[in-house]
Structures are given as structure tokens and as C-alpha cells.
Amino acid sequence: MTASPKYGILSVEKSPKGSDTSMKPIKLLIFDLDGTLADTIDGITEGINRVMTAEGYPTHTRESVLGFVNYGVRQYIEEAVPADVRGDADTVTRLMSEYTRHYADTYTMTVPFEGITDLLCGLKDKCLLAMNSNKQDEFVKVLGGDHGWRGFACDAALDAVDEFLKKHL
């Protein structure tokens, strides 16, 4: 068993025979949104491809976008554009803004994975629930509400989750 001394959150591994199996109650579960609670890749792919099309750049398949979305908008825009554009910080910044504008229409393509909403509803009375994402905060909060995940701390920034933990634990 390992613990986070900062928050008293436990990670339980199979206990060796004869060891102490007592556990503190779980106070908080933090879930990642993208790819854990919900399939967000179609909305991300569509948003990226709208930007690529508007710029006259090649578009990407769902599978290729899966390979570069784990590190936030700047990273996946840099990966999506042609190699000769990647080092141009001004262009990447402008395309990030364009992506956010398009994603405001396409994020609604997000769907919870089967059984997730029921699971979360069953957990919400047992402990605090939080959702985290490197997605823009305004989209995280709306997606949480759209899928009935009320009562969550829905924040994209880790420092916001940190503030939530300080308040509730």
C-alpha cells in the first residue's frame, strides 16, 4: 500500500499473506476525462481537421490524432501542422486560437464510455469526485454537466484540483 502524505490518498496493491489489510476510507477519486471517462477523440480530430483544412494543410485520421493528443493543445497543433510550420511559434499560437474556436462546436461529439455515468453516480455519495483534463477548462466543466456528472470538481488545471483538495480534505 502506498500513500500520498499530502492528501492521505491511498493506492492499494495486493497485500502479502499475513500483512495488515486495514485501509483508511477513500475520501477522493480523481479521474482523467480524455480517454478514461469519455471518448473525446472524434471532437478533437474534427476540430484539428477544420483548422488544417482552412489553412490548406493535410488532415488527419482519428488514429493519427490519437498519437499526439496527450500533451495539450499546443503540442497537438504542433504535431498536426506540416513539419516546416512546427517551429513557427506565432503560427502555432494563431492556430491554437482557431482550434479552440472550432472545438467549441466539435467538443459535443464527446461520449462517455459505456457504464461510466452509472459508475460515477454510484460513487458520488461515497466519496468526493474530481475530473481533470489538459483540455480547456470551459469545455471540461460543460462536458461534466452535459453528461450528468454533477457534484464533481471539474477543473482542467491541477492547481484548481489542489485548491479543491485543500477545501474538502
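Helix α1 has 15 residues, which at 1.5 Å a residue should span 21 Å, and its end C-alpha atoms do lie 21 Å apart. The expected span is 1.5 Å times one less than the number of residues. Helices (H or I, at least four residues) and strands (E, at least two) are DSSP runs numbered from the N terminus. The model is predicted, so local features need pLDDT of at least 70 and side-chain atom pairs count only at pLDDT 80 or more, while totals for chains, interfaces and linings use all residues. Residues are numbered from 1 along each chain as its sequence is written, and side-chain values use heavy atoms, with hydrogens and water left out.

**Overall make-up**
- The protein chain contains seven helices and seven strands, in the order β-β-β-β-α-α-α-α-β-α-β-α-β-α along the sequence.
- Of its 169 residues, 39% count as buried; buried means under 20% relative accessible area, exposed over 50%, and partly exposed in between (1.4 Å probe, protein chains only).
- Among contacts (heavy atoms within 4.5 Å) in the protein chain with a separation of 6 or more, 60% join residues 24 or more positions apart.

**Helix α1**
- The buried residues of α1 are I41, G43, I44, T45, G47, I48, N49, V51 and M52.
- These buried residues pack against β4 (38-39), α2 (62-66), α3 and α4.

**Helix α4**
- The 18 residues of α4 (residues 89-106) should span 26 Å at 1.5 Å a residue, and the 25 Å between its end C-alpha atoms agrees with this.
- Buried in α4 are T91, V92, L95, M96, Y99, H102, Y103 and T106.
- They lie on the same side of α4, because they cover an arc of only 135° around the axis; the arc is that of the directions from the helix axis to the C-beta atoms.
- An α-helix has 3.6 residues a turn, so residues three or four places apart point the same way.
- The elements covering the buried residues of α4 include α1 (41-55), α3 (73-80) and α6 (137-146).

**Nonpolar core**
- A nonpolar core is a set of buried Ala, Val, Leu, Ile, Met, Phe, Trp, Tyr and Cys residues joined through side-chain atoms within 4.5 Å.
- The largest has 35 residues, and I48 and Y99 make the most contacts inside it.
- At least two residues of this core come from each of α1, α3, α4, α5 (116-123), β6 (128-132) and α6.
- Leaving out residues up to four places away in sequence, Y99 touches I44, G47, I48, V51, V73, Y76, I77 and Q136.

**Aromatic pairs**
- Rings of Phe, Tyr and Trp (its six-membered ring) pair if their centres lie within 6.5 Å; planes under 30 degrees apart count as stacked, over 60 as edge-to-face and the rest as tilted.
- By this rule there are three aromatic pairs.
- Y99 and Y103 are stacked, because their ring centres are 5.4 Å apart and their planes are at 20°.
- Y103 and Y107 form a tilted pair, 6.0 Å centre to centre with 45° between the planes.
- Y99 and Y103 are four residues apart in helix α4, which means a separation of about one helical turn.
- Both Y99 and Y103 are buried, and Y107 is buried as well.
- Y76, Y99, Y103 and Y107 are linked into a cluster by ring pairs.

**Cysteines**
- The structure has zero disulfides, a disulfide being a pair of cysteine sulfur atoms within 2.5 Å.
- C121 counts as partly exposed because its relative accessibility is 33%.
- C127 counts as buried because its relative accessibility is 13%.
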